[in-house]
Amino acid sequence: MASPGRPPRRIAVVGPVASGKSTLAAALASHTNLPNIELDCLFWGPAWTPVPAAEFHARVRDALAGEDWIAEGNFGGAVADTLLARAELVIWLDLPLRLCLPRLVVRSVRRAATGRELFSGNRETLRHLLARDSILWSGPAHHHRDRRRWSAAFARAGAAGTPLVHLRSAPSVAPLLAARGLLPRSHHARAGVLPLPAVKPPGTLASRPASRGGRLTAVTRQHSLLGRYVKTLDAYDLGPGPVGVHRGLPSTTVSLTLPLDDPVEIGWAARSAPRTRHRAAVAGLHLDAAELRQRGCTRGVYVTLSPLGTAALLGLPASALAGHVADLADVAPALADLPERLAACRTWPQRRALVEHALLTGLARHGERDNAPELRAMLAALARTSRVHEAAELVGCSRRHLSGRLRTELGVTPKEYQRLVRFEAARSRLAALGTTQAGLADVAAAAGFADQAHLSREWRAMAGCAPTRWLRTEGPAAGGGPAHCRSLGEETVPGAAGAVPRCSRRGGAPTA
């Protein structure tokens, strides 16, 4: 037990699978300078073979014999008894299954897609995740059993006087640990959140006001590092009324919707699944329309990333998000507190700078992969041609290699990506025309469709409505301004400096 007035030097972090133990332990170790011990590293041998029980127990005893450590794991029996007996403080992440399960899925898919080395040279693969003993099955199946086991273990440890911090909700983790001096005071949000640097990095995008036609315009020079990955960074407003509603159309980008106050509800127009609520949402590539609803404060910040930007800025391939929406805290735990920090900003330039800072921090943490140039060339070739084999010839690879690479990185086939390219081009041209009397035949030809009928069929399948109806309800003809969110290059700020740009009911933002 720690002496009165002395911070604990032996800290155990325990809890169910995907509760954030590893990330929290790493944050604690970074702040306290204590060595971090992963019990999984002691348990697994090569080829996912557990070491013999006696050897495992001996490894644990040796590792915990020191006077300074942070140990994290989810092992019971003699290992748990040794851990609790030696710990001066135990942190129990007793988080619900509804929170841990999505984290587990995203984490496992990300590990399998990236081939990241875990313990003793082991890596998770898609085949491994589909096995009968996969952690995707065993983790949720044992969630409640593990909770009962830890409850019994803590009852015994409590009788021996071991201090326990029992955390039942994610938002309570950082404040309670910061109050004990184990995390920085600014480290506030959810379990597993790593603090972003407080100092604004050099080269962050800055705005300079300029007068244009009597209206104040904030001009932003696109940062050379973010420009390759960020396609759109803009404020959005879903319009007046108690509930803002917007149709999210398919695109070739991954989108981040960051509401300022009230969560956003996202559902799929052609799917029977119920809408899901997100404090901040990340949506992968999808080929059908989504419906976004936001109650109360209907304003927020909207970001779109290129498929390569998803890996470079968020740390996982776009394929991990293909066809669905996830919470930002589960996709990128280090950005979990971004919505709260945005809500604390008073002006749009402050919010934009905060998002840029967060993305630059993510880029420094993850960075671009070595094989990114090949994927970038493949996407450019697919956008230039109408046939997959022609794109493969331009890149200099086989059609099979091209298809496999695109499925692994984006989660869509080459033909599906070309559908997204055509749809996006048609949406831009329709929005530019800005009228329901637009020449659909000309738009279809310019965007790469066979004819107007082909455009109409694709638009109904991917947007859930006719193109003319979309123009009437959400395009420029509806009074919503340009169909696309303004890029990092320029934003119009109505009224006064720092006001929030409005993009109410526009077809390009926010896209789910």
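Which residues are buried in helix 4 (residues 77-86)? They are Val79, Ala80, Leu83 and Leu84. The model is predicted, and it holds 2 cavities of 30 Å³ or more.

**Helix 4**

- Val79, Ala80, Leu83 and Leu84 are the buried residues of helix 4.
- Viewed down the helix axis, the buried residues of helix 4 fall within an arc of 125 degrees, so they line one face of the helix.

**Largest cavity**

- The largest cavity contains about 80 Å³ of space.
- It is lined by 13 residues, and those closest to its centre are Leu308, Ala311, Arg369, Leu375 and Glu409.
- Two or more lining residues come from each of helix 10 (307-314), helix 14 (372-384) and helix 16 (399-410).
- The lining of the largest cavity is made up of 8 nonpolar, 1 polar and 4 charged residues.

**Second largest cavity**

- The second largest cavity contains about 30 Å³ of space.
- Its lining is formed by Pro16, Val17, Leu97, Cys100, Leu101, Leu104, Gly139, Pro140 and His143.
- Helix 5 (97-114) and helix 7 (135-141) are the elements that give two or more residues to this lining.
- Helix 5 contributes the most to the lining of the second largest cavity, with 4 residues.
- By class, 7 residues of the lining of the second largest cavity are nonpolar and 2 are polar, and no charged residues are found there.

Technical notes
Residues numbered from 1 in each chain as written. Predicted model: local features only at pLDDT ≥ 70, side-chain atom pairs only at ≥ 80, totals over all residues. Heavy atoms only, no water. Buried < 20%, exposed > 50% of the residue type's maximum accessible area, 1.4 Å probe, protein only. Arc of directions from axis to C-beta. 1 Å grid on protein atoms, 1.4 Å probe; cavity = no way out; pocket = protein on both sides within 12 Å on 5 of 7 lines; lining within 4 Å. Points joined across faces, edges and corners; volume = space filled by probe spheres on them. Nonpolar A, V, L, I, M, F, W, Y, C, P; charged D, E, K, R; others polar.
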